[in-house]
Amino acid sequence: MINEKPYWGQQTALAIKNFGVSGEVFPLSVIREIALLKAEAARVNQAMGRLSLSAVEVTSLIEAAEAVASGAYDDQFPIDVFQTGSGTSSNMNVNEVIASIATERAGAGALIHPNDHVNASQSSNDVVPSAVHMAVSRSIHESLIPALDDLRAELDRLARDNDHVVKIGRTHLMDAVPVMLGQEFGGMARSIELALVQIMHSLDRLMELPLGGTAVGTGLNAPPGFAVKVIEALRLRTGLPWVEAVNHFEAQGNRDALVQTSAACRGLALSLFKMANDLRWMASGPVGGLGEITLPALQSGSSIMPGKVNPIVPEVVCQVAAQVIGNDAAVAFAGSSGSFELNVMIPVMARNVLQSVRLLSGAASDLSSKCLHGLVANKEAMADVVGRSSMVATGLNETLGYDRARQLVEESERTGISVAELSVRHGYVDTETAERLTDPARLALPPR
């Protein structure tokens with residue numbers, strides 16, 4: 001929505017003048033959470049007798065805050081994300097916009113003050129970090145967790161569908177003993193499951209909101225019970241189990257919950273990078289590479305080579321992983337910048353964690369729907385490689401010993417005769433035993 005006039009006031013104007021290094025505005029998802037928090041704060045302040053306003057003015061204040069929370073006034077928040085480290089400028093921006101809208105709605109004679117009324121019982125130092133926690137946790141619940149659930153389900157399906165497709169295993173990028181293609185996909189699915197566990201652990205920390213600590217954690221100017229009532233209202237509205245921070249000095253002096261969340265995002269990014277890179281290798285070729293799988297052909301891969309198709313979705317995922325790892329480095333450094341009662345790098349932490357969650361959600365979703373869903377296993381190509389591999393000699397170790405089996409591998413690679421046949425020719429084992437001990441399926445699924 002584009003509004004015809006600016007609703008902000010002097011403090012916002014000064015911030016626009018003073019901050020502009022990036023041209024990137026403070027995250028709008030956090031702005032909306034600040035406004036939502038202020039709507040519920042107004043209701044609680046009214047009930048506790050903390051607002052010197054008429055009933056019409058209070059109603060207008062609440063309606064204005066709700067409208068901002070809905071995104072109807074997103075164009076009213078132009079302040080650069082690289083601003084004062086507490087996010088005070090953006091909190092003042094929200095206060096001024098809500099106050100102006102509310103005053104306009106309340107009609108002649110009304111005067112709703114951005115600090116005395118919209119910001120009553122609050123401080124930027126407890127409101128902004130609370131809103132950041134709210135925005136990040138909502139993004140994880142609404143976007144990242146569903147995307148990871150879909151990705152894990154797709155990987156589980158591929159694991160089941162390919163549980164008896166034998167292929168050559170690889171360590172150090174060199175041939176190793178056979179595995180099942182389904183086993184590889186099962187390993188990928190487990191990595192997503194474990195990453196999701198870490199994401200959920202970080203959510204436990206995000207549920208604690210600093211609201212109620214006001215300026216330094218003492219709660220000065222906030223009436224007893226204010227934070228509890230506001231957070232209870234937010235919990236009922238959203239269904240998320242937010243609670244008041246156990247210790248407000250920890251909650252405002254540290255941003256450890258965001259550091260932990262970012263670290264969990266980094267762990268997920270690394271798992272996705274490994275997965276995407278494996279898919280690129282497996283799909284390489286189709287003639288000059290491994291050619292074990294075929295990925296969906298989404299678009300032409302070259303402006304000069306007709307018919308060339310590239311693994312574009314895995315490449316996107318790898319780039320997302322690189323960005324998330326960079327974001328985490330900034331968040332970790334910023335998390336060390338708590339000085340006494342306040343961390344002063346909250347905006348950049350909010351920006352980076354929210355971007356990481358958004359990028360990972362999109363990457364996981366695209367990997368599932370645009371890559372894995374249409375993946376085809378090239379079973380004949382994999383069977384051919386397994387049939388020509390001398391690594392099946394590992395199955396002879398217990399019978400022939402390592403050194404003799406190694407000699408068979410060397411002879412096989414020199415002559416092109418299979419290890420099984422050579423073991424019979426040398427009289428080490430009979431044909432039936434040789435075939436049983438070097439059977440690729442047996443090696444991939446040994447008795448346990």
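**Close-up views of a predicted model**

**View 1. The largest cavity and its lining.** The largest cavity is lined by Leu295, Pro296, Leu298, Asn310, Pro311, Ile312, Val313, Pro314, Lys370 and Cys371. On a 1 Å grid over the protein atoms alone, a cavity is a set of points where a 1.4 Å probe fits but cannot get out, and lining residues have an atom within 4 Å of a point. The model is predicted: local features need pLDDT of at least 70 and side-chain atom pairs count only at pLDDT 80 or more, while totals for chains, interfaces and linings use all residues. Residues are numbered from 1 along each chain as its sequence is written, and side-chain values use heavy atoms, with hydrogens and water left out. The volume of the largest cavity is about 50 Å³, a volume being the space filled by probe spheres set on the points, which are joined across faces, edges and corners. Helix 11 (312-335) and helix 12 (346-372) each supply at least two lining residues; helix 11 gives the most, with three. Helices (H or I, at least four residues) and strands (E, at least two) are DSSP runs, numbered from the N terminus.

**View 2. Helix 11 and what covers it.** Helix 11 has 24 residues and reaches 34 Å from its first C-alpha to its last, close to the 34 Å expected at 1.5 Å a residue. The expected span is 1.5 Å times one less than the number of residues. Among the buried residues of helix 11 are Val313, Pro314, Asn327, Asp328 and Val331. Buried means under 20% relative accessible area (1.4 Å probe, protein chains only). The cover over these buried residues includes helix 10, strand 6 (338-339), strand 7 (342-343) and helix 12.

**View 3. Ser262 in helix 10.** Ser262 lies in helix 10 (residues 256-283) and is buried, with a relative accessible area of 2%. Leaving out residues up to four places away in sequence, Ser262 touches Asn327, Asp328, Val331 and Val353. Contact means heavy atoms within 4.5 Å.

**View 4. Ser389 in a loop.** Ser389 is found between helix 13 (379-388) and helix 14 (397-400). Its relative accessible area is 9%, so Ser389 is buried. A polar atom of the Ser389 side chain lies 3.1 Å from the backbone nitrogen of Met391. Apart from neighbours within four places in sequence, Ser389 is in contact with Ile168 and Asp175.

**View 5. The kink in helix 6.** Helix 6 (residues 124-161) has 38 residues. A kink of about 40° is centred on Ile140; the bend at a residue is the angle between axes fitted to the seven residues ending there and the seven starting there.

Methods: Buried means under 20% relative accessible area, exposed over 50%, partly exposed in between (1.4 Å probe, protein chains only). A polar contact is a pair of N or O atoms within 3.5 Å; within protein, one must be able to donate a hydrogen and the other to accept it, and residues adjacent in sequence count only if both atoms are side-chain atoms. On a 1 Å grid over the protein atoms alone, a cavity is a set of points where a 1.4 Å probe fits but cannot get out, and a pocket is an open set with protein on both sides within 12 Å along at least five of seven lines; lining residues have an atom within 4 Å of a point.
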